[in-house]
Amino acid sequence: MIQRDQIVSQFTKRLKKLPIFDWGKTYNGETLTSDLVAAIIVTIMLIPQSLAYALLAGLPPQMGLYASILPLVAYALFGSSRALAVGPVAVISLMTAAAVGKLALQGTEEYIFAAMALALISGLMLLVMGLLRLGFMANFLSHPVISGFITASGIIIATSQLKHILGIDAHGHNLAELLTSIVSHLNQINPFTLVIGIAATAFLFWVRKGLKPLLLSFGLKERMADILAKTGPVFAVAITTLVAFLFGLEGQGVALVGAVPQGLPGIQVPKLDLELVISLAGSAALISIIGFVESVSVAQTLAAKRRQRIDPNQELFGLGASNVASAFGGGYPVTGGFARSVVNFDAGARTPAAGAFTAVGIALATILLTPLLFFLPKATLAATIIVAVMTLVDFSILKRTWNYSKADFAAVASTMVVTLMWGVELGVSTGVLVSIAVHLYKTSRPHAAIVGLVEGTEHFRNIDRHDVQTTPTVLSLRVDESLYFANARFLEDRIYDLVADQPALKHVILMCPAVNEIDTSALESLEAINERLGDQDVKLHFSEIKGPVMDKLAKTDFLAHLTGQVFLSQYQAICTVAPQTCNQTKLATAVNGNKM
């Protein structure tokens, strides 16, 4: 009985920590109005996007709508961002198609069930990560790798939609396969589809740059003009649907969305078995991490504009709950989208309740508007996708990383090439592995500078960059990296080489202001250095060791066997082992002071 009460008590405490109990305390009529306005605008934007991204994922269009209902409600309850808009996004849709396409053919029930199962597995993984407080994992994917992956994915996505623009049948999971398939089917181009596709694409590109200035010229306020410009896809959907209906384009071979089930889906339980879970686990993990990193990046950017903060660990719960809700609501994997989140923010959304209101709007559209989608050309949805993803393509990252960091360039370039040539899953995996490999390589060769005393000061600087004072009996080496198993031997060899080149040496001082950690392997190397230098009548000293590092060293017998001392500052160390150096500096300071 006591145990049950404790469990209930802990659950209640956890429940009270949900973000909704934070922003809900100050919710009022003004906030409600702002959220409702934002919800209406995002709903208008989200309807064509949801249909288009379901098409990209190889799923029936209604699944895009289903993935935009319950997930938004779940995020409103558990998410920590007040502006993030959750739903289907381009990159996750592409990854869904790549993952599920290995298990079933598009258009089959197995394909649909696998997509729902993927959302459930991804959601459960995110929830477990949230329980383990693994929000810091967002840091393992560097920005260059994410940029390279999204750029390559954007190219693949845009290329994959050309088949709908041209009205041909083409397939492939990477750029080479897609281009080969498209070229081989060029003789099947449907001219009516081509006209609609090119017109819709051109219109949407113009909307991005030209509609806002036009609206401003008519006297609209900048904020309203900006919001209306972002709802351009709705106009494209309405116009092309009307054209297809009036001119009977279905009979001319133009592919239409066709019949979309009217009404809301019932709660569905995805069918899971061990074989399916094992098959989708790797893809689900990648989708979870990519979706989480993308969402946190967007959420942090928007939160900073209002001096708010988000909790990455709570975001794991929010996104996990959203994906589980999507699975049970007949959808597929979702995450926070950049474009719609910015629209949500600019439209005045104040709390996650705006997402819940958006879900109501999408639900009403699913009930009332789906019959009108019958004559919607798939080419229009393809145009919507192409225009959306081309804003993600950023080749400038190659130039920036090449000029700044060749290591980051290698990570970006390898991610892009592998993604384009072998697919999204292998591409992002390559980017992560290359990033880790580059990090290990750089930290395995730590920068360690010989330093000397700057005349007239108590500061020590690199002898290769500054005019400093040194003494032949003392080697001062500043270590600019934490010491661990990968770099311990490198430092050990560096010290031995320097000592061998200086026969008059009596003291080695390791200056450690940048050392945040010394692991067991590094400690053993320091013990070996201490012993070997001691055999050569050279004392080993340390200076400027950080408190937490010193606490760990104090738990060992290393300090008891240290041949030298541990000094609070490098200046104190030099004044102790080579007093003449400090005296010279004090004399120079006094002389300079008298001259003044």
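Visitor: What makes Arg478 and Asp480 a salt bridge?

Guide: The closest N and O atoms of Arg478 and Asp480 are 2.9 Å apart. A salt bridge needs a side-chain nitrogen of Lys or Arg within 4 Å of a carboxyl oxygen of Asp or Glu. The pair therefore qualifies. This is a predicted model, in which local features need pLDDT of at least 70 and side-chain atom pairs count only at pLDDT 80 or more, while totals for chains, interfaces and linings use all residues. Residues are numbered from 1 along each chain as its sequence is written, and side-chain values use heavy atoms, with hydrogens and water left out.

Visitor: Why is Arg478 called buried, and why is Asp480 called partly exposed?

Guide: Buried means under 20% relative accessible area, exposed means over 50%, and partly exposed is in between (1.4 Å probe, protein chains only). Arg478 has 18%, so it is buried. Asp480 has 25%, so it is partly exposed.

Visitor: How many salt bridges does the rule give?

Guide: The count comes to seven. One of them joins Lys102 and Glu425, at 3.0 Å from N to O.

Visitor: Why does the pair of Lys102 and Glu425 tie together separate parts of the chain?

Guide: Lys102 lies in the loop between α6 (90–100) and α7 (109–131), and Glu425 lies in helix α21 (residues 424–444), so the linked parts are 323 residues apart in sequence. Helices (H or I, at least four residues) and strands (E, at least two) are DSSP runs, numbered from the N terminus. At 54% relative accessible area, Lys102 is exposed. Glu425, at 17%, is buried.

Visitor: What makes Arg82 and Asp22 a salt bridge?

Guide: Their closest N and O atoms are 3.7 Å apart. Arg82 sits in the loop between α5 (70–78) and β1 (86–87), and Asp22 sits in helix α2 (residues 20–23), 60 residues away.

Visitor: Why is the pair of Phe203 and Trp206 called tilted?

Guide: Rings of Phe, Tyr and Trp (its six-membered ring) pair if their centres lie within 6.5 Å; planes under 30 degrees apart count as stacked, over 60 as edge-to-face and the rest as tilted. The centres of Phe203 and Trp206 are 6.2 Å apart and their planes stand at 35 degrees, so the pair is tilted. Both residues lie in helix α11 (residues 191–217), three residues apart, about one turn of the helix.

Visitor: How do you know that the charged end of Arg532 sits over the ring of Tyr496?

Guide: The test asks for NZ of Lys or CZ of Arg within 6 Å of the ring centre and within 35 degrees of the ring normal. Arg532 is 3.9 Å from the centre of the Tyr496 ring. Lys406 likewise lies over the face of Trp402, at 4.6 Å from the ring centre.

Visitor: What makes β6 and β7 a pair?

Guide: Two strands pair if DSSP finds at least two bridges between them. Strand β6 (residues 474–479) and β7 have five bridges, in the parallel sense. Leu477 stands opposite Leu510 in β7. The chain crosses from β6 through helix α22 (residues 488–500) to β7 in a right-handed β-α-β crossover. Right-handed means that, with the strands pointing away from the viewer, the path from the first strand over the helix to the second runs clockwise.

Visitor: What makes strand β7 mostly covered?

Guide: Five of the five residues in β7 (residues 507–511) are buried.
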